[in-house]
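Below are some notes for a colleague who is going through this model. Each point takes one feature and says what the coordinates give for it.

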Amino acid sequence: AKRFEFSPSEITVKKGEPVELVIQSSDVTHGLQFADLDQKVQINKGTAATLSFTPEKAGDFTGQCFIFCGTGHGQMALTLHVVE
């Protein structure tokens, strides 16, 4: 994570299989929240944060930074594709 993007910006996972996202911030504190999946993690600068969950529904879900990080904050998103 860095201002104002997640890289990669899209990830594909399988429904019903455990997922472990390890995210690092290279500049400031960020957050990643998938509201539709009830998942949220804070990513502090210089440390790794882990978001572990098992998606129970298929679809495309948008994760957004929930900690204000500057003028481009509103465009900072990660798309999670959950496939059957």
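1. Cys65 counts as buried in this predicted model, because its relative accessibility is 6%. Cys69 is buried as well, with a relative accessible area of 5%. The sulfur of Cys65 has its closest cysteine sulfur in Cys69, at 4.1 Å, and this is too far for a bond. Cys69 is accordingly in no disulfide, its nearest cysteine sulfur being that of Cys65. The disulfide count comes to 0.

2. The largest nonpolar core has 21 residues, and those that touch the most other members are Phe6, Leu32, Phe34 and Leu80. At least two residues of this core come from each of the strands S2 (19-24), S3, S4, S5 (48-53) and S7 (77-83). As a general background, nonpolar side chains in soluble globular proteins tend to be buried together.

3. Which residues does Phe6 touch, apart from those up to four places away in sequence? The list is Ala1, Gly31, Leu32, Ile43, Cys65, Met76, Ala77 and Leu78.

4. Leu80, found in strand S7, counts as buried because its relative accessibility is 0%. Leaving aside neighbours within four places in sequence, Leu80 is in contact with Ile11, Val13, Phe34, Leu37, Phe53, Gly59, Asp60 and Phe61. Leu80 and Asp38 are 42 residues apart in sequence, and their C-alpha atoms are 13 Å apart in space.

5. Strands S3 (residues 30-34) and S4 run antiparallel and are joined by 5 bridges. Gly31 has Gln42 as its bridge partner in S4. The two strands form a hairpin with 4 residues between them. Since 4 of the 5 residues of S3 are buried, S3 is largely enclosed by the rest of the structure.

6. Asp38 is worth a check in the turn of that hairpin, as it has a positive phi of about 55° although it is not a glycine. Asp38 lies in the loop between S3 and S4 and counts as exposed because its relative accessibility is 70%. For reference, most residues other than glycine have a negative phi.

7. Is Gln39 buried or exposed? Gln39 is buried, because its relative accessible area is 19% and the cut-off for buried is under 20%. Beyond residues up to four places away in sequence, Gln39 touches Leu32, Gln33, Phe34, Leu51, Ser52 and Phe53. Leu32 and Phe34 among these also belong to the core of point 2.

8. Two cis peptide bonds deserve a look. One joins Arg3 and Phe4, with omega of about -10°; Phe4 lies in the segment before strand S1 (10-14). The other runs from Ser7 to Pro8, with omega near 5°, and Pro8 is likewise in the segment before S1. For comparison, most peptide bonds are trans.

9. The largest pocket holds about 160 Å³ of space. Its lining consists of Ala1, Phe6, Ser7, Pro8, Ile11, Leu21, Val22, Ile23, Gln24, Leu32 and Leu78. S2 gives the most to this lining, with 4 residues.

Methods:
Residues numbered from 1 in each chain as written. Predicted model: local features only at pLDDT ≥ 70, side-chain atom pairs only at ≥ 80, totals over all residues. Heavy atoms only, no water. Pairing = 2+ DSSP bridges. Disulfide = S-S within 2.5 Å. Buried < 20%, exposed > 50% of the residue type's maximum accessible area, 1.4 Å probe, protein only. Core = buried A, V, L, I, M, F, W, Y, C linked by side-chain atoms within 4.5 Å. Contact = heavy atoms within 4.5 Å. 1 Å grid on protein atoms, 1.4 Å probe; cavity = no way out; pocket = protein on both sides within 12 Å on 5 of 7 lines; lining within 4 Å. Points joined across faces, edges and corners; volume = space filled by probe spheres on them.
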